[in-house]
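Welcome! Here is a short briefing to read with the structure open beside you. Take a moment to look around before you start.

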Amino acid sequence: MKIKLFIVVSLLLSTFLAGCAEDKDESADDHDGHTHETTENGDIREETSSLDVQPAFLEEKPEEVQDIYFAVSKNKDLLEQMPCYCGCGETAGHRDNYDCFISENHEDGSLVWDDHGTKCGVCLEIAAQAIVDHQDGKSVEDIREDIDEKYEKGYADPTPTPEV
């Protein structure tokens, strides 16, 4: 899986913009049994009953994007410690890289997915690299240091993710 994620990141970066898109504010109704809404910055947030239920907004996305979303859902603790450098801290109120993919986890197992990561190469790259490095045995501290070093210049300010 880690090799697949690394390859996915390389492919995605060639097809996605380096930054994140900002769209319009719209409301949306239920479809396919999922509730969803559109935030002020254009991101879609969709609630599903569990991590095993894919949000409808992923259905037509490339398999590689779906794979990263699945991997993110299994790495909450790791990605909540990783900042994002796409500007989403300011534009979307994100606190960490996990927020680019999943907005809320509820006690009953349901969660609210965020489509922000589907349109942002920076978000996808940070998540995939952090997960691959963690699977390779790298410490959370070292992963965070590498991400901060790689994105500190030429990217937006990081999300307000507390230091590890």
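In what order do the four strands of the open sheet lie? The order is E1-E2-E4-E3, and the pairing is antiparallel. Please keep in mind that this is a predicted model.

- Strand E1 (35-38) and E3 are the edge strands, as each of them pairs on one side only.
- On average, neighbouring strands of this sheet are turned by 15 degrees against each other, with direction ignored.
- Strands of a sheet pair through backbone hydrogen bonds, and this can happen in a parallel or an antiparallel way.
- E3 and E4 run antiparallel and are joined by three bridges.
- To see how residues face each other here, find Asn105, which stands opposite Leu111 in E4.

**The nonpolar core**

- The largest nonpolar core has 34 residues, and Leu79 and Phe101 touch the most other members.
- Leaving aside residues up to four places away in sequence, Leu79 touches Val72, Asp96, Asn97, Tyr98, Ala127, Ala130 and Ile131.

**Aromatic pairs**

- The structure holds five aromatic pairs, and two of them are described here.
- Tyr69 and Phe101 form an edge-to-face pair, with 4.9 Å from centre to centre and 75 degrees between the planes.
- This pair links distant parts of the chain: Tyr69 sits in helix H2 and Phe101 in the loop between H4 and E3, 32 residues apart.
- Are these two residues buried or exposed? Tyr69 counts as buried because its relative accessible area is 1%, and Phe101 is buried too, at 0%; the cut-off for buried is under 20%.
- Tyr85 and Tyr151 form a stacked pair, with 5.7 Å from centre to centre and 20 degrees between the planes.
- Tyr85 lies in the loop between H3 and H4, while Tyr151 belongs to helix H6, so this pair ties together parts that are 66 residues apart in sequence.
- Both Tyr85 and Tyr151 are buried.

**Two loop residues to look up**

- Asp99 is found in the loop between helix H4 (88-91) and strand E3 (102-105).
- Why does Asp99 count as buried? Its relative accessibility is 6%, and buried means under 20%.
- Not counting residues up to four places away in sequence, Asp99 touches His94 and Asp114.
- Gln54 lies in the loop between strand E2 (44-48) and H2.
- Gln54 counts as partly exposed because its relative accessibility is 33%, which falls between the 20% and 50% cut-offs.
- How many residues separate Gln54 and Trp113 in sequence? They are 59 residues apart in sequence and 8.8 Å apart in space, taken from C-alpha to C-alpha.

Terms used: Residues are numbered from 1 along each chain as its sequence is written. This is a predicted model: local features need pLDDT of at least 70, side-chain atom pairs count only at pLDDT 80 or more; totals for chains, interfaces and linings use all residues. Side-chain values use heavy atoms; hydrogens and water are left out. A nonpolar core is a set of buried Ala, Val, Leu, Ile, Met, Phe, Trp, Tyr and Cys residues joined through side-chain atoms within 4.5 Å. Buried means under 20% relative accessible area, exposed over 50%, partly exposed in between (1.4 Å probe, protein chains only). Contact means heavy atoms within 4.5 Å. Two strands pair if DSSP finds at least two bridges between them. Axes are lines fitted to C-alpha atoms, for helices over the stretch in contact, and angles run from 0 to 180 degrees between N-to-C directions. Rings of Phe, Tyr and Trp (its six-membered ring) pair if their centres lie within 6.5 Å; planes under 30 degrees apart count as stacked, over 60 as edge-to-face and the rest as tilted.
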